[in-house]
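Work through the exercises below with the sequence and the structure side by side, and try each task before reading its solution.

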Amino acid sequence: MKPKYIHILATAAAALCGVAQAATCSGYSGPHTTALVELYTSEGCDSCPPADQWLSSLFSQGFRPDQVVPLALHVDYWDYLGWKDPYAKQRFSERQRKYAALRRPVIVYTPQVLLQGRDFRRWGSDRFAEEVTRINSKPARARIALTIRAAASDGIQTELNAQLFDPAQRKDTAVYLAAYENRLASQVSAGENRGRRLEHDYVVREWIGPIGFGEDLKLEEKRSLPLLPGADTRQSGVAAFVQNRSSGEVLQALMLPTCAG
């Protein structure tokens, strides 16, 4: 499902390093706030697969990309149990701990869902839809535009433009950029999920940020987000969000899948 605000610019598919490029495509955030959904998960955690499946199902449940931006951040602190999560990054574990430090007492656990920068434990209930509706009803406090110029085996060439509306937020607010991949799977051979095939979507493979705003409350960046060997560009995309680093509050979010050539 393509985001409501995506505009595909017709371009012919071209070859780059022997791999077909995706068509150039772009998207921009709307007048209302889109909710960022961060799932902190691990293939080493036997209670995580239901949360992984829930995240994967958000759009089939009826949510739209202009309502929610889902991201799965795999943490590495369960690797000691015998299975090394191939998608885990230490920086995601550190990000989760920083969130916990903002919301004392410090609690770090998996699976953990953060909705708009806040711990949200009722993600599997009707309360999630109610909270997303509440978030979506708020006027946007930032604007984001993304363009994917090329998506090839060596990475996604991305242009990011963002604008912050409230000057009082500038000092503490930054933009984050992530490349994600869908339809990933592992046959787990050790640890708590030994013998299970685990499937994942919206898995963050590359992360850039925080990127600060200038004095004019605007930001323009051109970045290449590397993909890991074997990544399928047809199942990849880019997400960006604006966040107050002091409070953890997310002001706006946007996702943009690569476009077919």
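**Exercise 1. Is N244 buried or exposed, and what is it in contact with?**

N244 has a relative accessible area of 9% and is therefore buried, where buried means under 20% relative accessible area, exposed over 50% and partly exposed in between, for a 1.4 Å probe and protein chains only. N244 lies in strand β16, strands (E, at least two residues) and helices (H or I, at least four) being DSSP runs numbered from the N terminus. Once neighbours within four places in sequence are set aside, the contacts of N244 are Q169, D172, T173 and E249, a contact being heavy atoms within 4.5 Å.

Two notes on the source apply throughout. This is a predicted model, in which local features need pLDDT of at least 70 and side-chain atom pairs count only at pLDDT 80 or more, while totals for chains, interfaces and linings use all residues. Residues are numbered from 1 along each chain as its sequence is written, and side-chain values use heavy atoms, with hydrogens and water left out.

**Exercise 2. Describe the chain as a whole.**

Begin with the elements: the protein chain holds three helices and 17 strands. Next, take burial, for which the chain has 261 residues, 55% of them buried. Finally, among contacts between residues at least 6 apart in sequence, 70% join residues at least 24 apart.

**Exercise 3. Check the length of helix α2, and find which residues of α2 are buried.**

Helix α2 runs over residues 90-102, and its 13 residues, at 1.5 Å a residue, should span 18 Å, since the expected span is 1.5 Å times one less than the number of residues. The end C-alpha atoms of α2 are 19 Å apart, which agrees. The buried residues of α2 are F92, S93, R95, Q96, Y99 and A100. Seen down the axis of α2, these buried residues fall within an arc of 160°, so they line one face of the helix; the arc is that of the directions from the helix axis to the C-beta atoms. An α-helix has 3.6 residues a turn, so residues three or four places apart point the same way. The face of α2 turned away from its buried side carries the exposed residues Q90 and K98. The cover over the buried residues of α2 includes β5 (35-41), β6 (68-74), β7 (112-115), β11 (173-181), β14 (203-212) and β16 (236-244).

**Exercise 4. Which element gives the most to the lining of the second largest pocket?**

The second largest pocket has a lining of 15 residues, and R95, K98, Y176, P210 and R245 lie nearest its centre. Two or more lining residues come from each of α2, β14 and β16, and α2 gives the most, with seven.

**Exercise 5. Locate the cis peptide bonds from T110 to P111 and from G209 to P210, and the positive phi of Q116 and of R183.**

The bond from T110 to P111 is cis, with omega near -10°, and P111 sits in the loop between α2 and β7. The bond joining G209 and P210 is also cis, with omega about 5°, and P210 belongs to strand β14.

Q116, although not a glycine, has a positive phi of about 60°; Q116 is in the loop between β7 and β8 (118-119) and is buried, with a relative accessible area of 10%. R183, also not a glycine, has a positive phi of about 55°; R183 is in the loop between β11 and β12 (184-187) and, at 68% relative accessibility, counts as exposed.

Technical notes
1 Å grid on protein atoms, 1.4 Å probe; cavity = no way out; pocket = protein on both sides within 12 Å on 5 of 7 lines; lining within 4 Å.
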